[in-house]
Amino acid sequence: MKILVVEDNPSVSSMLELFFSKEGIQGEFAADGLEGYQKYKEGSHDLLILDWMLPGMDGIALCRKIREEGNAVPIIMLTAKDSESDQVIGFEMGADDYVTKPFSPLTLMARIKAVTRRTQKAEPISNLIKTAHFTVNKETRDILKDGQEVDSLTPKEFDLLVFFLQHPKQVFSREQLLEQVWGYQFYGDERTVDVHIKRLRKKIDGGDKLFHTVWGVGYKFEEHAI
């Protein structure tokens, strides 16, 4: 596995370089956003780790630029920011996951493995999902709701919607959603689920009330027949 790390803190980069070598990971490092973008363009990487605050070009701008170019390479953000609004910004720009500083290498490694497992999963025989309101092509990631195209979802919002479409009326805890959709077990990140549910409600729910909060448990997805 080859990972590009764009991080301007030398101690963090040195720690990751040492840890990667023990894990058999080929690490490439850049100290600012512009250098990181150049290395990204020149190389082929299995995953990118971007610090939020970077000189030259910050991690959010770099993430957005990569996504605008149509590259679906997994991206994990490193950030000292832990507010819900900051998480929304990261996810909206196309980040797959985030790790809040300070962090342990083992926690980051768990996230790396989870993200790569998701991207390496074999596609099922049928990539087409049809429900009362939705038609989704998992291969092309096209979404139609009541015949109208939905094109504003981030990669993780898309994955979460697909999971719910495939499991209608089932109630899932936040921990279960983290494990099934994000690919890692609960590490105190339940707000990640709440943020994504809130964004999906805003973008596609309309007056249909598709995402239901089950108090004390989690969430379920239920459509009304057309």
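**Ground rules.** I am working with a predicted model, in which local features need pLDDT of at least 70 and side-chain atom pairs count only at pLDDT 80 or more, while totals for chains, interfaces and linings use all residues. I number residues from 1 along each chain as its sequence is written, and side-chain values use heavy atoms, with hydrogens and water left out.

I began here since the UniProt annotation "modified residue: 4-aspartylphosphate", from an unreviewed entry, covers Asp51; UniProt positions are given in the numbering used here, feature names are shortened, and annotations may be inferred rather than shown by experiment. I found aspartate 51 in strand 3, residues 47–51 (helices are DSSP runs of H or I with at least four residues, strands are runs of E with at least two, and both are numbered from the N terminus). Is aspartate 51 buried or exposed? Aspartate 51 is buried, because its relative accessible area is 5% (buried means under 20%, exposed over 50%, and partly exposed in between, with a 1.4 Å probe and protein chains only). Leaving out residues up to four places away in sequence, I listed Val6, Glu7, Asp8, Gly59, Met77, Leu78 and Lys101 as touching aspartate 51, where contact means heavy atoms within 4.5 Å.

**Lysine 101 and proline 102.** The bond from lysine 101 to proline 102 is cis, with omega near -5°, and I placed proline 102 in the loop between strand 5 (97–100) and helix 5 (105–120).

**Glutamate 28.** This residue is in strand 2, residues 26–30. Its side chain makes a polar contact of 2.8 Å with that of histidine 45 (a pair of N or O atoms within 3.5 Å; within protein, one must be able to donate a hydrogen and the other to accept it, and residues adjacent in sequence count only if both atoms are side-chain atoms). Beyond its neighbours within four places in sequence, the contacts of glutamate 28 include Lys2, Ile3, Leu4, Val5 and Lys39.

**Sheet 6-7-8-9.** I traced 4 strands in this order, forming an open sheet with antiparallel pairing (two strands pair if DSSP finds at least two bridges between them). Its edge strands are strand 6 (128–130) and strand 9 (148–150), each pairing on one side only. Strand 6 is joined to strand 7 (residues 134–137) by 3 bridges, and lysine 130 has threonine 135 in strand 7 as its bridge partner. Helix 6 (residues 155–166) packs on the sheet, where it touches strand 6, strand 7 and strand 8 (142–145), and its direction makes about 120° with that of strand 7; axes are lines fitted to C-alpha atoms, for helices over the stretch in contact, and angles run from 0 to 180 degrees between N-to-C directions.

**Positive phi.** Which residue lies in the loop between strand 8 and strand 9? I noted aspartate 146 there, with a positive phi near 50° although it is a residue other than glycine, and it counts as partly exposed because its relative accessibility is 42%. Lysine 169, in the loop between helix 6 and strand 10, is not a glycine either and has a positive phi of about 70°; lysine 169 counts as exposed, at 56% relative accessibility.
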